Amino acid sequence: HSKFANMSISEEDAVRAVQEGLRVGSVRHQVAVYRGSSPQQCFNTANLALKLSSQDMGGVVGLDLAGDETDFPNAAYIDCMRHAKHAGLNVTVHSGEFNTTQADDVRSAVFSMHADRVGHGYAAAQDPQLLIELRQRGVHLEACPNSALRHGPWALKAIKSFKNQVLFGLNTDDPAPLFGNTTAEADEAIVEGLNFSREDIHGAYEAAFRARFGARDVTSLMTSLAEGAS
């Protein structure tokens with residue numbers, strides 16, 4: 001329901017609207033919205049992001065490689081992500097989510113693709129030396145407790161191992177029905193079951209804030225926005 005428009009639509013229509021928007025936008029701008037497109041399409045998307053990059057509110061601040069890393073591994077996109085990083089974009093790469101054998105994917109995301117952040121990264125917990133290297137390089141891991149719960153105990157154990165070893169935040173992933181309609185509160189309850197204290201949870205949120213790609217001086221940004229609105 002929108003109070004602004006004084007109208008309502010069904011949940012099904014809302015999802016269909018997003019699907020149609022993605023379809024129309026993909027055709028109009030020649031941007032694929034899923035992993036599995038060609039390396040050239042990745043370069044096209046990276047160059048579009050660079051063209052529109054800005055620290056202004058709503059500006060493009062980074063490039064993300066997300067989605068099906070099992071069927072579409074990192075190798076095809078290494079040159080593209082390095083190009084984006086060297087040209088000035090922040091980079092995040094979805095790696096190491098689905099099974100314990102994907103530590104090398106996390107390693108390639110960091111050392112070959114120069115990712116600033118890694119989506120999930122649970123497989124890194126299988127490689128103690130990799131955890132040390134992630135910490136030394138200041139790479140942030142985007143942990144998602146609810147989706148990790150769906151993968152099984154090994155993924156939750158990995159998140160538990162991140163505590164005091166690497167920089168990581170707590171994220172809802174996509175909070176849609178596919179991922180269990182999760183919330184930040186629900187994710188906090190999951191990690192409390194992993195013996196996270198309230199201080200641990202607060203520290204994870206602080207780490208995520210420090211790893212943001214947007215404006216570093218948030219106070220000045222908010223002040224300028226308020227002045228522009230007045």
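Visitor: What should I know about the model before I start?

Guide: It's predicted, so local features need pLDDT of at least 70 and side-chain atom pairs count only at pLDDT 80 or more, while totals for chains, interfaces and linings use all residues. Residues are numbered from 1 along each chain as its sequence is written, and side-chain values use heavy atoms, with hydrogens and water left out.

Visitor: How many disulfides does the structure hold?

Guide: A disulfide is a pair of cysteine sulfur atoms within 2.5 Å. Here there is 1: C42 and C80, with sulfurs 2.2 Å apart. The torsion about their S-S bond is about -85 degrees, so the disulfide is left-handed. C42 sits in helix α2 (residues 39-51) and C80 in helix α3 (residues 78-86), so to speak distant parts of the chain, 38 residues apart. Helices are DSSP runs of H or I, at least four residues, numbered from the N terminus.

Visitor: Are C42 and C80 buried or exposed?

Guide: Buried means under 20% relative accessible area, with a 1.4 Å probe and protein chains only. Both C42 and C80 are buried.

Visitor: Which residues of α4 and α5 meet?

Guide: Contact means heavy atoms within 4.5 Å. From α4, A103, V106, R107, V110 and F111 meet L130, E133, L134 and R137 of α5. By class, that contact has 6 nonpolar, no polar and 3 charged residues; Ala, Val, Leu, Ile, Met, Phe, Trp, Tyr, Cys and Pro count as nonpolar, Asp, Glu, Lys and Arg as charged, and the others, Gly among them, as polar.

Note on methods
Helix = DSSP H or I, 4+ residues; strand = E, 2+ residues; numbered from the N terminus. Buried < 20%, exposed > 50% of the residue type's maximum accessible area, 1.4 Å probe, protein only.
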